[in-house]
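Biologist: I am new to this structure and would like a close look at a single part of it. Please take me through that part and then through what lies around it.

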Amino acid sequence: MTKPTEFSSWKSLIEHQAKLKGTTLASLFAADPARFKNFSATFGDVVLDYSKNGVSDVTMGLLFDLARDAGLEEARAKLFGGARVNNTENRPALHMALRAPAAHAGNGLAFAIDGKDVAPQVERELDLLCDFADEVRMGAFKGATGKRIRHIVNIGIGGSDLGPALIVDGLRADIGGKLQLDFVSNVDGAHLDLVLSRAVPEKTLFIVASKTFTTAETMANAKAARKWLAGKLGEAAVDRHFVAVSTNIEAVTAFGINPDRMFRFWDWVGGRYSLWSAIGLSIILAVGPHKFRDLLAGAAAVDRHFAEAPLTENLPVIMGLLQVWHRNFCGFGSQAILPYAQDLWRLPAYLQQLEMESNGKRVTREGQPVTWQTSPVIWGQAGTNGQHAFHQMLHQGSEPVPCDFILTARDRSAFPEQHQMLFANGLAQSAALAFGKSAETVSAEMKAAGKAADEVAFLTPHRTFPGNRPSTTLLLPVLDPYHLGALIALYEHKVFVAATIWNINPFDQWGVELGKEMANALLAGKGGPADSSTAGLMALYDRYTHRK
Ligand SMILES: O=P(O)(O)OC[C@H]1O[C@H](O)[C@H](O)[C@@H](O)[C@@H]1O
């Protein structure tokens with residue numbers, strides 16, 4: 001396998017970047033009055049504006065060459081064709097099949113593994129999920145004491161938590177208000193404590209969500225919740241207050257959850273790509289089957305766009321290539337995710353798993369060490385909160401941080417008059433990052449305000465904004481199920497594009513295993529800690545907890 005650094009396009013990009021160094025975003029905009037039009041792309045009514053990145057036609061041309069050199073089109077065909085693209089676990093990655101069913105308009109794409117269509121099992125499970133959700137939402141499914149279920153507690157972690165939690169908050173405007181939803185992920189008893197302190201056992205339904213059904217944190221929380229419920233309502237009540245979502249029927253049965261109350265998915269759905277599967281049960285309960293199908297439809301439409309649109313107009317391709325440009329050619333180590341939508345406040349955390357668990361890899365698909373950078377650090381927070389916290393660093397810090405601004409045009413809150421302010425802030429931030437404020441302007445302003453010459457001289461560098469800091473804006477007409485589904489699918493495929501250029505497998509996560517093993521060994525007291533730091537901290541733990 002050729003290393004990406006050996007492609008002629010990669011080498012040309014290095015030379016090209018060196019030449020571009022003096023070019024500013026201000027000069028690029030000044031030279032091309034149609035820059036917004038020329039450097040934006042659309043998927044339906046979703047707009048990707050990448051004009052405020054330091055790229056020219058030549059840059060984009062070379063990046064598309066790089067995509068071709070890296071075999072992106074062939075890799076994409078393999079992904080959609082159900083090939084075992086997760087080569088270290090010998091599995092396909094067919095989360096797109098979960099959103100293809102024709103029942104919600106579908107996208108006309110067919111998905112098969114080893115020649116076997118997966119649609120029938122996907123549709124069957126989706127129907128079961130939707131029927132169950134309807135029963136709960138309409139009150140036909142009751143708790144053990146005959147009371148209606150009013151509170152859903154999803155117990156899961158990682159991909160069995162972040163996606164559903166993101167969407168349930170993201171679609172707050174679509175939730176009827178009949179059900180309260182909570183998510184317990186952390187093994188810290190404080191998390192379960194917090195949620196159970198506001199739960200009424202007779203009206204609470206627990207979803208134990210775990211692909212493997214062996215994840216230690218989830219099992220500990222599920223056992224504690226079960227004990228809590230059995231303590232309040234008796235052991236027999238567990239049956240009507242616990243459902244499971246998993247691929248592991250044996251473990252679900254062993255835990256004591258009725259297999260009739262288990263919803264399934266398959267090993268070809270990665271944890272961080274699973275919100276579209278039965279892992280989305282909490283979403284279906286929150287917004288109802290119809291809107292869940294709209295969410296799937298938005299993602300399905302993006303799948304088709306990614307599969308079929310030419311590279312130069314393909315949003316996930318452009319997003320992935322820009323990430324490669326910033327990471328490998330500009331040397332930027334992190335990327336900020338800035339949703340100007342409070343309901344998307346969990347998006348940075350969700351994308352941390354999607355991007356960093358997928359592409360935080362140091363060996364190639366073949367197991368050779370990479371000699372190029374892979375995933376940047378992903379971080380961020382909902383605007384405008386971040387502006388009053390870390391934007392100082394974005395504007396004047398020592399290293400530029402490429403930012404993704406996610407904006408919505410139409411507001412669905414009860415206070416729509418504030419939306420204009422939110423939107424204006426998002427636009428202002430990306431423009432301020434791009435164009436800054438020169439020392440000349442700063443000192444002229446201070447002089448005009450009557451400041452003394454020595455004060456002007458002293459403060460000018462502090463008040464200068466260098467500008468030329470890249471950002472991309474994704475504009476959604478509105479935050480509804482369809483557009484949120486589309487947004488997430490855009491990022492999923494973007495991650496695949498970057499992984500393909502970097503020649504890494506984005507679908508495994510071996511890096512999470514060692515810590516799990518070591519925690520288990522410490523808990524079991526096996527062998528004792530080998531290093532003085534761990535041993536010293538353990539001894540203090542014992543002393544502080546008065547065990548010794
Ligand atoms: O759904 P589960 O099997 O419980 O897994 C939950 C999470 O834990 C694992 O350690 C992985 O890091 C994640 O990719 C996964 O989503």
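Modeller: Asparagine 503 is buried, because 22 other C-beta atoms lie within 10 Å of its own and 20 or more count as buried. This is read from a predicted model. Asparagine 503 sits in the loop between α20 and α21, the latter covering residues 513–524. Its phi is near 55°, which is a positive value in a residue other than glycine. Most residues other than glycine have a negative phi.

The crossing in which α13 passes α20 is right-handed. On the α13 side the contact includes Lys291, Asp294, Leu295, Leu296, Val302 and Phe306. On the α20 side, Pro481, Tyr482, His483, Ile488, Leu490 and His493 are among the residues that take part. Sorted by class, the contact of α13 with α20 has 14 nonpolar, four polar and three charged residues.

Helix α14, residues 315–329, also meets α20. Here the axes come within 8 Å and cross at roughly 50°. That makes α14 oblique to α20, and α14 passes α20 in a right-handed crossing. From α14 come Leu315, Pro316, Val317, Met319, Gly320, Leu321, Gln323 and Val324. They meet Leu490, His493, Lys494, Val497, Ala498 and Ile501 in α20. By class, the contact of α14 with α20 has ten nonpolar, three polar and one charged residues.

Helix α7, residues 162–170, packs with helix α15, residues 347–359, at an angle of about 155° and with the axes 9 Å apart. The two are therefore roughly antiparallel to each other. The crossing of α7 past α15 is left-handed. Leu162, Gly163 and Leu166 of α7 make the contact with Leu347, Ala349, Tyr350 and Gln353 of α15. By class, the contact of α7 with α15 has five nonpolar, two polar and no charged residues.

Next come single residues elsewhere in the chain. Aspartate 114 also has a positive phi, near 50°, and is a residue other than glycine. Its place is the loop between β3 and β4, with β4 at residues 116–117. Aspartate 114 is exposed, because it has 7 other C-beta atoms within 10 Å, and 12 or fewer count as exposed. A cis peptide bond joins glycine 383 and threonine 384, with omega about 5°. Threonine 384 lies in the loop between β11, residues 377–380, and α16, residues 391–396. Most peptide bonds are trans.

Histidine 95 is found in the loop between α5, residues 72–80, and β3, residues 112–113. Histidine 95 is buried, with 24 other C-beta atoms within 10 Å. Leaving aside neighbours within four places in sequence, histidine 95 is in contact with Val269, Gly270, Tyr273 and Trp276.

Last, the ligand is surrounded by 14 residues, of which the closest are Gly158, Gly159, Ser210, Thr215 and Gly271. By class, the shell around the ligand has two nonpolar, nine polar and three charged residues.

Methods
Residues numbered from 1 in each chain as written. Predicted model: local features only at pLDDT ≥ 70, side-chain atom pairs only at ≥ 80, totals over all residues. Left-handed = near helix turned anticlockwise from the far one by under 90°. Helix = DSSP H or I, 4+ residues; strand = E, 2+ residues; numbered from the N terminus. Contact = placed C-beta atoms within 7 Å. Nonpolar A, V, L, I, M, F, W, Y, C, P; charged D, E, K, R; others polar. Near = placed C-beta within 6 Å. Axes fitted to C-alpha atoms, helices over the stretch in contact; angles between N-to-C directions. Parallel < 35°, antiparallel > 145°, perpendicular 65-115°, else oblique.
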